Amino acid sequence: MQPLPTEVHKARHEEFKAFAAVLVEPAAGEWDREQRLPDAVLAALGERGYLGTTIAPEYGGRGWDAVTFGLLSEALGRTSCALSGVLTVQAMVAMALQKWGSAAQRSRWLPLLASGQAIGAIALTEPGGGSDLHALATNFAAGAGERLRLNGRKKWISCAQFADVFLVFGKLDGQPAACLVPRDTAGLSVEPITDLMGFRAAGLAELDFRDAEVPAANLVGKPGFALSHVAPVALQYGRLSTAWSAIGLLRGCFEESVAYAASRKIGGGSVGELGMIRSLIARMGTDLEAGALLCHAACGAQDERLPDGFEKALMAKYFASRAAVRAAADAVQIRGASGCHGSSLVSRCYRDAKIMEIIEGTTQVHEDMLGRLFVEQRRDG
Amino acid sequence: MDRTQIKQALREFILRSVRVPALGDDEDLFESGIVNSLFAVRLMTFVEKTFAIEVAMEDLEIDNFRSLNATAGFVLRKNGVHAAAAD
């Protein structure tokens, strides 16, 4: 394997950063205040194929590797985790579908997802379940005429306010199952969740299924395998994207801090000449480098289809999201009062970073999974 | 790869990944708790990568992955080899 990133990756990253500089950075603060993403920016992502980067070309996707997908998340996450959140859930739905969907599901939905004509969302978390996926209470019941009847609630679903199709997890005859539910399904209502601390433009919502019926052919994978095989494929891309978004956020904090430290005068010198400030920036810059290396390792393993790609993605998301929280707090500290104002990038980063540590599995869930993996893999002697 | 080689590769991967002292050819990987939700997809990825096959929706049957013998049979079937002939 070539060292990552390759020259092709670097060139694409520059393209993504240029896109973000023009279409994301000037407006991201406004999206955050208005708590919504404009249709125009979603359309711009779709036009460039950015909503289907990992979808195979036969379905209209770019067929890019996980590294490239990650670098796009990084470039957008630099100023808008809410926008990179769209990439996250789109890839989660698309890649679960590409792996486990039927031929009919793939040919119907993947071209729509690849072009951005449809936005997908993952409906996994429930009001009473949180991180405990096995406690799914949403019920899929076999209805008349090869149909499924859904009842239950989902909460904190990213992009649900504007998603066109949901990959919903529940139980069918006591077995974990997943199925596609179009937004216009009768019996499904979408209630926006507003006033989040961060991630405010990501369009979170609560879903209420009341005798919502879909064809049984909408099942993705087979009942019994939704949590062991379908969800992990989705979560793998969710973690990779979130990890890279956190690295983007961290880079924003680092760049802002370095620029501020160099320009802000204090006592005849610059803030950057203070040892205490240098310590904060040193940690930030080192975390940025280390986090990016973990992310590259995870994406490289994913692209090589290595079994340890899953644990590498856990490590990347675990490290990057925690490092982003530290960096955002330090970036606000370095800027002082101006960093506390809503007009500063770092104040938004401060609020968004915490969300990165919670979505796609909390820090504590990651510690539990990684700790168990490390203990199981320890060989005697 | 024949059945014996497939089982050996599987056994080495599982013993490297999960803390069990030994693994019989017909030991139930699910009932014994060796394959939990965390490990299932890693094992599947190993099978796909090592034996150059693609596990698809129609392959999602516990009986395809229940034991070393069952998984080896599945790999041989996916590769178009009759399990009995290779046994």
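Which residues are buried in helix 1 of chain A? Hold that thought for a second. This is a predicted model, where local features need pLDDT of at least 70, side-chain atom pairs count only at pLDDT 80 or more, and totals for chains, interfaces and linings use all residues. Residues are numbered from 1 along each chain as its sequence is written, and chains are lettered from A and ligands numbered from 1 in the order in which they are written.

Okay, back to the helix. The buried ones are Arg12(A), Phe16(A), Lys17(A) and Ala20(A). Buried means 20 or more other C-beta atoms within 10 Å of the residue's own, exposed means 12 or fewer, and partly exposed is in between, with C-beta atoms placed from the backbone. Those four sit on the same side of helix 1 of chain A because they cover an arc of only 145 degrees around the axis, the arc being that of the directions from the helix axis to the C-beta atoms. Turned away from that side are the exposed Glu7(A), Lys10(A), Ala11(A), Glu14(A), Ala18(A) and Val22(A).

Helices, by the way, are DSSP runs (H or I, at least four residues), numbered from the N terminus. What covers the buried residues of helix 1 includes helix 4 (66-77) of chain A.

Helix 4 of chain A has another partner. Its axis and that of helix 8 (residues 275-303) of chain A come within 8 Å and cross at roughly 145 degrees; axes are lines fitted to C-alpha atoms, for helices over the stretch in contact, and angles run from 0 to 180 degrees between N-to-C directions. On the helix 4 side, the contact is made by Ala66(A), Val67(A) and Gly70(A). Contact here means C-beta atoms, placed from the backbone, within 7 Å. Helix 8 of chain A brings residues including Cys295(A), His296(A) and Asp303(A).

Now the middle. The largest nonpolar core has 147 residues, and a core is a set of buried Ala, Val, Leu, Ile, Met, Phe, Trp, Tyr and Cys residues joined through C-beta atoms within 7 Å. Helix 7 (residues 226-263) of chain A gives the largest share, 18 residues. Ala328(A) is among the members touching the most others. Leaving out residues up to four places away in sequence, Ala328(A) touches Leu249(A), Cys253(A), Val346(A), Cys349(A), Tyr350(A) and Ala353(A).

Last, the two chains. 15 residues of chain B are in contact with 17 residues of chain A. On the chain B side, helix 2 (residues 37-51) gives the most, with ten residues.

Note on methods:
Contact = placed C-beta atoms within 7 Å. Helix = DSSP H or I, 4+ residues; strand = E, 2+ residues; numbered from the N terminus.
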